[in-house]
Amino acid sequence: AIIAANKWQRPICFNSTYELEDLGLAKYIRQDGLAGRLVPVESKNANFGFYNNDVAYTNMMTKFGFGNAVTPGVYYDEENRRHLNTLRAAHAQLALSLIDAGKKDSARNLLEHFDKNVYEPNFPYGMTSNRGNQQNRISMSFLLACYECGDLELAKKVSASLKKDLSQQMRYYNSLGESMNNEQLAVNAQMATQNKGGNLSDKQAGFAQDILSSYEMLMRLDDWQRQFANGPKPPEVQQPSK
């Protein structure tokens, strides 16, 4: 009713995309920053919307506020970290969109803009979350954008923080039961999630999903470090057909 009565005369915006898939609107959402604007244009992505790169970049670089996030010693509880994670995710997603559009310099500026405005010791890239490793997952997207735009210095910083936290998680989960290496722990966690048994203690079983996600992210960190050791890969050149 809102869409029908509005007749595209005023913007219809959403600040959360979770319910849009159920409404069938996700592919009609254009991200202008943190606000997703409903537009009568279907995204090329079958399931999700798209970034209005130039508008979103200007908004994030000139209009976003970070409060006291740059001030050393500020403490953020889980709820406030959730809001900062929203900002980190938005920067990562726009950076990846800019990279796809061939604007790697802008993507790099955007990522470094976030890093300079959020004091990392207050809000580490790698940090355990009670939301299914959500903070680390968001930082993995941020890291991928760093690698793909060629910002290896920032990538090194993000990767080190993630690897430290994920390794600490795996050591903790291992301490809750019979000692095994990370791969064995992950295999048993996968069996537990599939109701196929597994050799986890009762305490470890409660963390099965976190064990799996932590292990998978650690493996991906190693893969990316090898893949991007010499910078982002150049775009593939299609050979002319014979």
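Predicted model: local features only at pLDDT ≥ 70, side-chain atom pairs only at ≥ 80, totals over all residues.

A: Contact here means heavy atoms within 4.5 Å. Leaving aside neighbours within four places in sequence, Arg30 is in contact with Ala35, Gly36, Arg37, Val39, Phe50 and Asn52. The side chain of Arg30 also joins that of Asp32 through a polar contact of 3.2 Å.

Now the cavity. Rolling a probe the size of a water molecule over the atoms shows where empty space is left. The count comes to one cavity of 30 Å³ or more. The largest cavity holds about 40 Å³ of space. Its lining consists of Glu78, Arg81, Arg82, Asn85, Thr128, Ser129, Arg131, Gln134 and Gln135. By class, that lining has five polar and four charged residues, and no nonpolar ones. Helix 4 (78-100) and helix 6 (134-149) each supply at least two lining residues. Helix 4 gives the most, with four residues.

Helix 6 turns up again around helix 10. Helix 6, helix 7 (152-175), helix 8 (182-193) and helix 9 (202-205) are among what covers the buried residues of helix 10. Those buried residues are Ala208, Asp210, Ile211, Leu212, Ser213, Ser214, Tyr215, Met217, Leu218, Leu221 and Trp224. The length of helix 10 can be checked as well. Helix 10 (residues 208-227) has 20 residues, so at 1.5 Å a residue it should span 28 Å. Its end C-alpha atoms are 29 Å apart, which agrees.

Conventions
Residues numbered from 1 in each chain as written. Heavy atoms only, no water. 1 Å grid on protein atoms, 1.4 Å probe; cavity = no way out; pocket = protein on both sides within 12 Å on 5 of 7 lines; lining within 4 Å. Points joined across faces, edges and corners; volume = space filled by probe spheres on them. Nonpolar A, V, L, I, M, F, W, Y, C, P; charged D, E, K, R; others polar. Expected span 1.5 Å × (residues − 1). Buried < 20%, exposed > 50% of the residue type's maximum accessible area, 1.4 Å probe, protein only. Polar contact = N/O pair within 3.5 Å; in protein donor to acceptor, adjacent residues only side chain to side chain.
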